[in-house]
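This report describes the local geometry and packing of one protein chain.

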Amino acid sequence: MTRVTVIGGGKGQSVILRGIKNIEGLDLKAIVSVSDDGGSTGRLRSEFSLPAMGDIRNVMVALSSSEPLLSHIMEFRFDEMDSKTLGGHSLGNLILTAMAQKTGNFMEAIGDVSKILNVKGEIIPSSLEELTLLARMEDGTIVRGESNIPIFSNKIKEVFYDHQVVATKEAVHAIVNSDIIILGVGSLYTSIIPNIIIPEIRRALAFTKAKIVYYCNVMTQPGETNGYSGEDHVQALIRHGCQKIDAVIMDNNEFSNEIIEKYGEEGSELVRFKQEDQPYQIFYDDLVSTDTGLIRHDASKIEASFRKLLEVI
């Protein structure tokens with residue numbers, strides 16, 4: 001049994017988990033960021049003093065054995081025109097909040113809902129605290145709140161919390177005892193790094209004997225990684241505490257000028273490595289689909305790439 005832990009948040013982490021959950025012989029765990037402060041998640045965490053549950057909900061749907069039906073239920077969002085109270089809320093967020101209120105324990109609530117959804121693997125919040133993420137820009141500006149960080153057209157120097165954050169013991173245990181740890185894909189500074197900067201998680205990443213693999217983004221993200229190369233992405237992870245990266249998985253597709261120009265209009269560009277000679281291995285593979293006219297990581301392609309990685313890493 002290969003113990004695999006996926007660290008991240010947002011839709012990127014869910015795509016990876018949806019891809020690898022059906023590979024036999026994996027003991028799968030997902031460590032999920034809880035610093036989101038926007039939308040339904042932000043309103044509920046503020047009102048009930050809970051960790052952000054939006055990314056946890058996404059991961060639950062991704063790991064559910066009856067995904068198509070349950071995704072409709074968990075992702076159902078009440079229309080703001082129909083209800084001032086419920087408008088904008090995701091039903092999945094409300095279910096998690098209700099279970100946390102009933103049990104008095106957020107970890108127990110995650111476990112209970114995971115059983116209902118027949119989740120494959122274990123879902124672990126990186127912390128049980130109500131967290132506020134801050135970013136220090138290169139000009140010294142401090143931006144408060146995860147949802148505000150990408151809005152500023154400035155270059156991020158570092159992200160951090162406004163107090164000493166305690167990691168869940170389950171997250172630390174998963175990292176220390178993993179065989180493979182996957183970082184990414186997704187927002188570098190607001191989905192992946194918010195986990196890494198928690199001191200106990202940073203120490204666990206330094207202590208673990210696991211191979212650490214980073215699935216690198218294909219395109220830069222406006223407001224977060226403008227102008228970043230592949231090296232810049234990896235250096236940001238190292239700078240924030242993940243000192244050891246063993247392998248980087250990179251998409252090798254060529255895209256049409258039309259798609260590249262479309263992304264360029266939004267301030268996004270292709271991520272490429274400037275040099276192949278790095279202290280980590282770089283593996284190139286077909287990882288994305290453009291069927292919708294957008295570049296999106298494809299779960300089935302992630303599965304195929306990870307199966308190959310298991311044979312060589």
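Contact here means heavy atoms within 4.5 Å. The model is a predicted one: local features need pLDDT of at least 70 and side-chain atom pairs count only at pLDDT 80 or more, while totals for chains, interfaces and linings use all residues. Residues are numbered from 1 along each chain as its sequence is written, and side-chain values use heavy atoms, with hydrogens and water left out.

Helices (H or I, at least four residues) and strands (E, at least two) are DSSP runs, numbered from the N terminus. A residue is buried under 20% relative accessible area, exposed over 50% and partly exposed in between, with a 1.4 Å probe and protein chains only. By this criterion, seven of the 10 residues of H10 are buried, and the helix is mostly covered. The buried positions are Gly230, Glu231, His233, Val234, Ala236, Leu237 and Ile238. The elements covering these buried residues of H10 include S7, H8, S8 and S9.

Helix H9 (residues 199-207) has Pro199, Ile201, Ala204 and Leu205 as its buried residues. They pack against S1, helix H7 (169-176), strand S7 (180-184), helix H8 (188-196) and strand S8 (211-215).

**Strand pairing and crossovers**

Two strands are taken as paired if DSSP finds at least two bridges between them.

| Strands | Sense | Bridges | Residues opposite each other |
|---|---|---|---|
| S1 (residues 2-8) and S2 (residues 26-32) | parallel | seven bridges | Arg3 and Asp27 |
| S2 (residues 26-32) and S3 (residues 122-125) | parallel | four bridges | Ile31 and Ile124 |

Between S9 and S10 the chain passes through helix H11 (residues 257-265), in a right-handed β-α-β crossover. A crossover is called right-handed if, with the strands pointing away from the viewer, the path from the first strand over the helix to the second runs clockwise. A right-handed β-α-β unit is also made by S1, helix H1 (residues 10-20) and S2. Strand S2 is mostly covered, with six of its seven residues buried.

A nonpolar core is a set of buried Ala, Val, Leu, Ile, Met, Phe, Trp, Tyr and Cys residues joined through side-chain atoms within 4.5 Å. The largest such core has 96 residues, and those with the most contacts inside it are Ile20, Leu183, Tyr214, Tyr215, Ile245 and Phe306. Leaving aside residues up to four places away in sequence, Phe306 touches Val4, Ile20, Ile23, Leu26, Ile180, Ile182 and Tyr215.

Ser305 belongs to helix H12 (residues 299-312). With a relative accessible area of 6%, Ser305 is buried. The side chain of Ser305 lies 2.9 Å from the backbone oxygen of Ile302. Beyond residues up to four places away in sequence, Ser305 touches Tyr215, Asp285 and Leu287.

Rings of Phe, Tyr and Trp (its six-membered ring) pair if their centres lie within 6.5 Å; planes under 30 degrees apart count as stacked, over 60 as edge-to-face and the rest as tilted. The structure holds two aromatic pairs. One of them joins Tyr189 and Tyr228 in an edge-to-face arrangement, at 6.3 Å centre to centre and 75° between the planes. Tyr189 lies in helix H8 and Tyr228 in the loop between S8 and helix H10 (230-239), so the pair ties together parts that are 39 residues apart in sequence. Both tyrosines, Tyr189 and Tyr228, are buried.

Gly227 is also placed in the loop between S8 and H10. Its C-alpha atom is separated by 7.4 Å from that of Glu269, 42 residues apart along the chain. The contacts of Gly227, not counting residues up to four places away in sequence, are Thr220, Asp232 and Glu269.

**Backbone geometry**

Which bond joins Gly184 and Val185? It is a cis peptide bond, with omega about -10°. Val185 is situated in the loop between S7 and H8.

Asn118 lies in the loop between helix H6 (106-116) and S3, and at 47% relative accessibility Asn118 counts as partly exposed.

Conventions. A polar contact is a pair of N or O atoms within 3.5 Å; within protein, one must be able to donate a hydrogen and the other to accept it, and residues adjacent in sequence count only if both atoms are side-chain atoms.
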